[in-house]
Amino acid sequence: MKSLADFFAEVPKAALGFSGGVDSSFLLFAAKNLGAEVKPFYVKSAFQPQFEFDDALKISAQIGIVATVLPLDVLADTTIATNPEDRCYFCKKKIFGIVAKAAREAGFTTIIDGTNASDNATERPGMRALEELSVRSPLRECGLTKGDVRRLAREAGLPVWDKPAYSCLATRIPATMPITAEILQKIERAENALFVLGFSNFRVRIFHNAARLQFPTEQFDDACRRHKEIRNALAPLFPEIFLDLNPRQQT
């Protein structure tokens, strides 16, 4: 199987769909170290919380390549806003379509992303959109799993090496429930409140009009003990708050 060095020898110039997570951050770092010209594009929409945007700009600056920010009014797309089962397909196609347009204007013909070899294509409709848009995934092509990427990012000294995976805010909303700016803002504010309380790698999911909280196993008992504190923090946002008895699996 080829290495990243082989990949970037073949593709010395590319535009990167950049999220600021461990995968795309390591890919940007590796490309730079291997002498490739890679330009990162961050698509900013209501689906990404502010801290993710801030983190992305910070890590790209640390790597030494300033990310280009592309604003997107994702909810203007009625197909995405109605939230079908395969919403991720339409969203990914919209995002990478914008990246591709900006990349072409900047003189880049190849688009890459941070999908790794642990990502299951059958479970991710967004990966079908990547294939249709001819987006290449160097980590996946080189057989690098999520564990490999975290190890290599740690060895490279990247501060995001142990950053938990953080899917977009729209994943907190059940399929077929319309997505609005208001509910996205409520989710973001609720998750920010839990971050302030010291929790991490959790999810605030929507269950009808209530918040359903998922905590990882090691934080579950603490969440139970602090249920009044959690309720007080989230009560201004949600009339009802439920604790999911199934701990969240970390990635």
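Tutor: Buried means under 20% relative accessible area, exposed over 50%, and partly exposed in between. Please keep in mind that this is a predicted model.

Student: Is Cys142 buried or exposed?

Tutor: The cut-off for a buried residue is under 20% relative accessible area. Cys142 has a relative accessibility of 10%. Cys142 therefore counts as buried.

Student: How many disulfides does the model contain?

Tutor: A pair of cysteine sulfur atoms must lie within 2.5 Å to count as a disulfide. By this rule the count is zero. Cys88, for instance, is in no disulfide, and the nearest cysteine sulfur, that of Cys91, is away from it by 6.6 Å.

Student: Which residues does Met1 contact, leaving aside its neighbours within four places in sequence?

Tutor: Met1 belongs to the segment before helix H1 (4-10). Its relative accessibility is 81%, so Met1 counts as exposed. With those sequence neighbours left aside, Met1 is in contact with Glu141, Cys142 and Gly143.

Student: What distance separates the C-alpha atoms of Met1 and Leu70?

Tutor: Along the chain, Met1 and Leu70 are 69 residues apart.

Student: Are H2 and H3 roughly parallel or oblique to each other?

Tutor: The axes of H2 and helix H3 (residues 50-63) come within 10 Å and cross at roughly 20°. Angles under 35 degrees count as roughly parallel. H2 and H3 are therefore roughly parallel.

Student: How many nonpolar, polar and charged residues form the contact of H2 with H3?

Tutor: From H2 come Ser25, Leu28, Phe29 and Lys32, which meet Ile59, Ser60 and Ile63 in H3. By class, the contact has four nonpolar, two polar and one charged residues.

Student: Which term describes the orientation of H2 and H8 to each other?

Tutor: Helix H2 (residues 22-33) and helix H8 (residues 146-155) pack with their axes 10 Å apart, at an angle of about 55°. The roughly parallel class ends under 35 degrees and the roughly perpendicular class spans 65 to 115. H2 and H8 are therefore oblique.

Student: Is the crossing of H2 and H8 left-handed or right-handed?

Tutor: The residues that meet are Val22, Asp23 and Phe26 in H2 and Lys146, Val149, Arg150, Leu152 and Ala153 in H8. By class, this contact has five nonpolar, no polar and three charged residues. The crossing of H2 and H8 is left-handed.

Student: At what angle do H5 and H6 pack?

Tutor: H5 passes H6 in a right-handed crossing. The axes of helix H5 (residues 87-105) and helix H6 (residues 125-132) are 7 Å apart. Their packing angle is about 35°.

Student: What is the phi of Ser134?

Tutor: Ser134 is located in the loop between H6 and helix H7 (138-141). Its relative accessible area is 54%, so Ser134 is exposed. Phi is positive here, in a residue other than glycine, with a value near 60°.

Student: What is the phi of His208?

Tutor: His208 is found in the loop between strand E5 (203-207) and strand E6 (210-214). With a relative accessible area of 62%, His208 is exposed. Although His208 is not a glycine, its phi is positive, at about 55°.

Notes. Residues numbered from 1 in each chain as written. Predicted model: local features only at pLDDT ≥ 70, side-chain atom pairs only at ≥ 80, totals over all residues. Heavy atoms only, no water. Buried < 20%, exposed > 50% of the residue type's maximum accessible area, 1.4 Å probe, protein only. Axes fitted to C-alpha atoms, helices over the stretch in contact; angles between N-to-C directions. Helix = DSSP H or I, 4+ residues; strand = E, 2+ residues; numbered from the N terminus. Parallel < 35°, antiparallel > 145°, perpendicular 65-115°, else oblique. Left-handed = near helix turned anticlockwise from the far one by under 90°. Contact = heavy atoms within 4.5 Å. Nonpolar A, V, L, I, M, F, W, Y, C, P; charged D, E, K, R; others polar.
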